[in-house]
Amino acid sequence: MEMRKLGSQGLEVSALGLGCMGMSEFYAGRDEAESIATINRALDLGVNFLDTADMYGVGANEELVGRVVRERREWIVVATKFGNVRGEDGSFLGVSGRPDYVRQCCDASLKRLGIDEIDLYYQHRVDPDVPIEETVGAMAELVTAGKVRYLGLSEAAPATIRRAHAVHPISALQTEYSLFSREPEAEILPTLRELGIGFVPYSPLGRGFLTGQFKSTADLPEDDYRRHAPRFQGEAFARNLELVAEIERMARDKACTPAQLALAWVLARGNDVVPIPGTKRRSYLEDNLGALTVTLADADLARIDEVLPPGAAEGLRYAAPQMTAVNL
């Protein structure tokens, strides 16, 4: 397994991580036994970077990940997040970056995961009502206390990243990035590279769209939240389906799957980029890992840029209300 460095503080992880969110919420077809088998298979194949959050399944995902981590802790890098506040009934109650909330969330996550130290602790969403300096100051205290090793941010704007990094070194920034979501290339990636911060793209397969498995909205289960996602709606779906057809053609030329091509493109963006495709099935995990053997030549990258330039995908990546909480 190729290893990559996130930030300049010493954090090193597998070139591909595993996003665990869908194992507990949002995507349909969940099976806890298969999810645990998928995590273990990822570890067997050299993936040591597991991504979860306290909001996924209202704590259930951390508990699930913890069941595996506790047995194989020695070399696993556990990343989790705080900031999205949810009620016990699953209701969404906003965002909090208050120092007391940071400390409370960290202790709760440690308990659910069953570990003594979180390897990478992200603020999941920036709280516009709390100065980032106060939030990161509290996160830095967790490092001093030995409860957290490295700090990260998610969906933070360049100015926020700079302010946070001035308080305590930020090792990784997580945001959505794929052939369908290339916005970070304009300002976020240059900022990260200037400051020596690693980049962790989530949804590198466009929430599954780039795999080519969806040909109509009917392919999405009734309880799958993507049925309400803008890129999976009406004319946007039809337009994006045309783009996926182009990806499928390029994948055939490269003798790989569309998912492998899409992930290979993200991996080719730099050695400081570590995508975390999410899956809850071993078959998809193994297919994703095949991307590590796909080499894209300059001509391949130029062809991809021609077909899918920034802004090519139709529709917002989240519904309008959710978009107000990103890139703050």
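A cavity is a set of grid points where a 1.4 Å probe fits but cannot get out, and the exercises below apply this idea, along with that of the open pocket, to a predicted model.

**Exercise 1. Determine how many cavities of 30 Å³ or more the model holds, and describe the lining of the largest cavity.**

Step 1. The count comes to two cavities of 30 Å³ or more, and the largest cavity has a volume of about 60 Å³.

Step 2. The residues that line the largest cavity are E176, F180, G206, R207, F209, A229, R231, F232 and R317.

Step 3. Sorted by class, this lining consists of four nonpolar residues, one polar residue and four charged residues.

**Exercise 2. Describe the second largest cavity, and state which helix gives the most to its lining.**

Step 1. The second largest cavity holds about 40 Å³ of space, and its lining is made up of L16, G17, L18, V47, P277, T279, L285, N288 and L289.

Step 2. Helix α9, which covers residues 282–289, gives the most to this lining, with three residues.

Step 3. Six residues of the lining are nonpolar and three are polar, while no charged residue is found there.

**Exercise 3. Characterise the largest pocket by its volume, its central residues and the classes of its lining.**

Step 1. The volume of the largest pocket is about 1,200 Å³, and of the 49 residues that line the largest pocket, M21, Y27, S203, R207 and Y225 are the closest to its centre.

Step 2. Elements that give two or more residues to the lining of the largest pocket include β6 (84–86) and α8 (258–267), whereas β7 gives the most, with four residues.

Step 3. The lining of the largest pocket divides into 24 nonpolar, 16 polar and nine charged residues.

**Exercise 4. Carry out the analysis for the second largest pocket.**

Step 1. The second largest pocket has a volume of about 300 Å³, and of its 14 lining residues, the closest to its centre are D54, R86, Y101, Q104 and R112.

Step 2. The elements that give two or more residues to this lining are β6 and α3 (99–113), and α3 gives the most, with five residues.

Step 3. By class, the lining comprises six nonpolar, four polar and four charged residues.

**Exercise 5. Decide whether T52 is buried or exposed, and identify the polar contact of its side chain.**

Step 1. T52 is placed in the loop between β4 (49–51) and α2 (60–69).

Step 2. T52 counts as buried because its relative accessibility is 0%, the cut-off for buried being under 20%.

Step 3. The side chains of T52 and N61 are joined by a polar contact of 2.7 Å.

Key:
Residues are numbered from 1 along each chain as its sequence is written. This is a predicted model: local features need pLDDT of at least 70, side-chain atom pairs count only at pLDDT 80 or more; totals for chains, interfaces and linings use all residues. Side-chain values use heavy atoms; hydrogens and water are left out. On a 1 Å grid over the protein atoms alone, a cavity is a set of points where a 1.4 Å probe fits but cannot get out, and a pocket is an open set with protein on both sides within 12 Å along at least five of seven lines; lining residues have an atom within 4 Å of a point. Grid points are joined across faces, edges and corners, and a volume is the space filled by probe spheres set on the points. Ala, Val, Leu, Ile, Met, Phe, Trp, Tyr, Cys and Pro count as nonpolar, Asp, Glu, Lys and Arg as charged, and the others, Gly among them, as polar. Buried means under 20% relative accessible area, exposed over 50%, partly exposed in between (1.4 Å probe, protein chains only). A polar contact is a pair of N or O atoms within 3.5 Å; within protein, one must be able to donate a hydrogen and the other to accept it, and residues adjacent in sequence count only if both atoms are side-chain atoms.
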